[in-house]
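Dear colleague,

Please find the structure that I promised to pass on to you. My notes on what was found in it come after the structure itself.

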Amino acid sequence: MPKVSICIPTYKQVDYLRKTLNSVLAQDFHDYELIITDDSSDDSVENLLKEFDFKGKLKYYRNTVSLGSPANWNYSLKQASGDYLKILHHDDFFTSENSLSKFVKFLDNNPSASFAFSGTVIDLILLKTKKIHSCSNKQFSKMLKQPDRLFFSNYIGAPSATIIRKDSLLMFDESMKWLVDVDWYMQLIFQNPNVIFSKEPLICTVHGGEGQVTQAVYTDKEVQVKEHVYLFEKLADKKGNLKKYSLLFQLLFHKYGVRDLTQLKSICSVPAKSEIFYLEVLNSMKSTIFLKKIVFWLKKKSFNDHIFTLKTYFK
């Protein structure tokens, strides 16, 4: 049984995947298996794999019917046999040859931890620049005490920045696309708040790439509104400050032109017990101080738009 299962759910985009696979081959930690689940409608990924020799470590699965994300992520994780699971999206890659060994040490040195995460280099290809996203010590401490803070700002980043102990694994919620990683992190922390993090950027993620799911759903009104409402309800009594949630939904509804409860119900299911909350949100949007709230939140950059506290990346 391998120590680590590197799980790469793929969908075309072989130029990105080639870089991902090369970064795996470059690792100085070799006790791993490589799981690739291919959601492509063509042979591009399968043909690319012929260029590589993983010396028996590769397990390739071609989906007969496209699963989509995150179902393909889950399928990849389900094939894993390692003690630790390292999901690595096909357009992400390790930043150095010892990235994987450092991820492994996080869990080896902290046997009660359920998962660990690192900083991330974010390659903003449209802006032709790179930044570093890393959780601050203050954010980390607050997140462990109140995991629902992730609803407002994703301190962790992409799933590729994580490594998880197999016996702590939860599957991704396949009814989501945009907030699926945020929900996953919250559920894991609620289950076990013993989490390890490092500010060092051990992986790189590409933002702005053609065909990425995040690009497809970023401005999708139905996805954005439906998932925020769904996750709000899913949190149930685990929610913190409702005033903060109210402000977020005011901004969300303003952004996507939701003006009344009837319109909201046409987009998603609204439980009867929450109707009063959403009515209050919608009524608050009519107040004269609403624009001041918008300015305040935009300055804070806290609208879960994958906008992080970034610093310039030099290397």
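The notes below go from helix packing to aromatic rings, a hairpin and a few loop residues.

This is a predicted model, in which local features need pLDDT of at least 70 and side-chain atom pairs count only at pLDDT 80 or more, while totals for chains, interfaces and linings use all residues. Residues are numbered from 1 along each chain as its sequence is written, and side-chain values use heavy atoms, with hydrogens and water left out.

Helix α6 (residues 180–191) packs with helix α8 (residues 221–235) at an angle of about 10 degrees, the axes being 11 Å apart; helices (H or I, at least four residues) and strands (E, at least two) are DSSP runs, numbered from the N terminus. Axes here are lines fitted to C-alpha atoms, for helices over the stretch in contact, and angles run from 0 to 180 degrees between N-to-C directions. The two helices, α6 and α8, are therefore roughly parallel to each other (angles under 35 degrees count as roughly parallel, over 145 as roughly antiparallel, 65 to 115 as roughly perpendicular and the rest as oblique). On the α6 side the contact (heavy atoms within 4.5 Å) is made by V180, V182, D183, M186, Q187 and F190, and on the α8 side by E227, L231, K234 and L235.

The structure holds 23 aromatic pairs, where rings of Phe, Tyr and Trp (its six-membered ring) pair if their centres lie within 6.5 Å, and planes under 30 degrees apart count as stacked, over 60 as edge-to-face and the rest as tilted. One aromatic cluster is formed by F151, F152, F232, Y245, F249, F253, F277 and Y278. K239 lies over the face of F232, at 4.3 Å from the ring centre, and the charged end of K86 sits over the ring of F103, 4.8 Å from its centre; a charge sits over a ring if NZ of Lys or CZ of Arg is within 6 Å of the ring centre and within 35 degrees of the ring normal.

Strands β6 (residues 115–124) and β7 (residues 129–133) run antiparallel and are joined by five bridges (two strands pair if DSSP finds at least two bridges between them). They form a hairpin with four residues between them, and K128 in the turn has a positive phi of about 55 degrees.

Among the loops, P70 is found between β3 (58–62) and α3 (71–78), and the peptide bond from S69 to P70 is cis, with omega near 10 degrees.
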